[in-house]
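I opened the notebook today to look up a few charged pairs. Here is what I wrote down as I went along.

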Amino acid sequence: MEAHSGLNKYLLYGLLVAGSWLLPCLLHLQFFHISLFPYSYISSHRRADPAALPVSIFSPPPAVHDDDTKPSCEGRRVYMLDLPSRFNLLRDCVDGSPAFEDETSACVFMSNAGLGPVLAPAAGNDTYRVIPDNGWFNTDHHALEVIFHHRMRRYECLTEDPAAATAVYVPYYAGLELNHYSCDTNASVRDAPSAEFLRWLSSRPRWAALGGRDHFMLASKTTWMFRRVPSNDDPKGCGNGFLERAECLNMTVLTIESNIWNRRDMAVPYPTYFHPSSAAEVAAWQARARGTRRPWLFAFAGARRPNGTLVLRDRLIDKCVSSPTRCGMLDCSHGQVCRSAEKLMSLFASSRFCLQPRGDSFMRRSSIDAVVAGCIPVFFHEGSTFEKQYRWHEPDNDGGDVDGRRRYSVFIDADDLVGGKVDIEEVLIRYSDEEVAAMREEVIKMIPRFVYKDPRVRFEGDMKDGFDIAMDEVMARTRRIRNGEDLGWDV
């Protein structure tokens with residue numbers, strides 16, 4: 001009897017210990033991904049297939065066999081770091097995870113190698129739907145880190161030999177890490193995870209060779225979100241001091257918006273909803289964008305800011321309201337309307353010009369969506385122009401001015417507009433049909449340079465996308481560094 005009672009006692013202890021271990025694990029699975037994104041997404045699209053993500057996105061890349069006879073890889077070989085699992089922010093995004101049941105979770109929006117859920121095909125007799133049935137995804141701009149990582153996994157010049165590499169790719173998701181924290185989180189708390197990562201990175205043997213100057217990575221937020229002064233412990237404000245740390249001053253860190261006054265800053269375009277798998281798919285979309293009817297003279301998608309903090313936006317919205325036959329508008333202050341790819345692309349593909357005022361910073365994803373829709377962007381600040389922000393991806397046309405007019409965009413000084421010196425409608429209506437057609441053609445030609453291919457498949461055809469162009473420039477820059485050149489301002 002005593003033995004039986006003792007056995008029950010040990011069994012009870014065992015169950016309590018197991019339960020105390022299991023409960024935190026279940027809570028972690030339930031809440032980790034929900035907290036990763038503090039905002040919600042539209043949920044009108046079908047749930048992504050969890051199998052689209054690998055069991056461990058930080059696992060070593062597939063075996064790559066160097067081919068010394070392949071001239072295209074000469075000086076372009078890349079070694080990809082294998083990071084410890086503690087730095088893998090998507091480690092729980094595996095088949096069967098309950099996180100996939102929540103359509104607002106990070107796992108869903110990082111599915112399909114970062115592309116996000118497939119946009120639902122046209123329903124029934126919806127013959128006027130702008131977006132085709134293939135190649136379009138509900139992509140979040142924070143996912144560019146994941147997209148870039150998956151493209152690197154298929155990069156044709158990967159090497160398993162660090163000594164043979166020209167450059168080292170660092171697959172750390174600095175933007176996703178920052179999404180864990182709200183703007184009122186203590187600054188030291190926001191800095192801690194990325195600081196820990198950089199300490200690990202700088203302790204690697206390969207780092208010592210050039211002090212990290214041959215390392216590169218991508219962080220899918222604006223440069224300003226990573227440039228809060230590290231010594232500032234004010235709990236208010238957003239971002240962290242990631243790019244101000246000594247290690248990052250040596251690395252090449254790509255962001256989705258640069259500081260145009262710092263020539264070391266490099267920006268790559270925001271990801272859009274279009275991720276083609278073939279050059280033919282791109283050509284078909286270009287033809288579609290070229291042939292759409294465009295009844296609106298100009299369009300704007302955005303919202304007012306509290307207390308009139310963005311006066312230019314207020315002026316543009318007022319103009320749209322007062323010109324209902326000229327301006328098409330999506331009011332982003334109402335629910336999730338501007339998170340609908342169909343509504344946004346339908347508006348832009350129906351407009352000649354797309355207004356792109358600055359928001360919290362100079363660049364907007366809307367500017368890239370406009371290009372993909374074949375809509376001529378209208379900028380109001382020099383810091384918002386492609387010439388300043390995306391100098392790697394902007395076509396080589398010396399600013400593109402023809403008789404003072406840019407070949408693919410329009411620039412109107414914000415101060416002149418706010419001060420009443422110019423009227424947006426009067427400026428845009430002066431462009432003849434022939435001029436608009438020529439500018440639109442330049443925009444449509446730019447589409448391949450501003451999209452990212454589907455990283456899950458082998459691309460069919462010959463076309464350089466945003467990733468290819470960025471890699472060409474990164475590799476050229478790294479070769480110069482390894483040759484001992486002083487880049488100075490010419491970066």
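I began with Asp-468, which is buried at a relative accessible area of 17% (buried means under 20% relative accessible area, exposed over 50%, partly exposed in between, with a 1.4 Å probe and protein chains only). This is a predicted model, where local features need pLDDT of at least 70 and side-chain atom pairs pLDDT 80 or more, while totals for chains, interfaces and linings use all residues. Residues are numbered from 1 along each chain as its sequence is written, and side-chain values use heavy atoms, without hydrogens and water.

Next I looked up the partner: Lys-453 forms a salt bridge with Asp-468, with the closest N and O atoms 2.9 Å apart (a side-chain nitrogen of Lys or Arg within 4 Å of a carboxyl oxygen of Asp or Glu). Lys-453 counts as buried too, at 8% relative accessibility. Salt bridges that share partners join Arg-151, Lys-453, Asp-465 and Asp-468 into one network.

How many salt bridges does the structure hold? I found 24. One of them pairs Asp-265 with Arg-227, the closest N and O atoms being 2.5 Å apart. Asp-265 is buried at 5% relative accessibility, and Arg-227 is buried at 18%.

I also checked Asp-318 and Arg-304, a salt bridge with its closest N and O atoms 2.7 Å apart. Here Asp-318 is partly exposed, at 39% relative accessible area, and Arg-304 is partly exposed at 41%.
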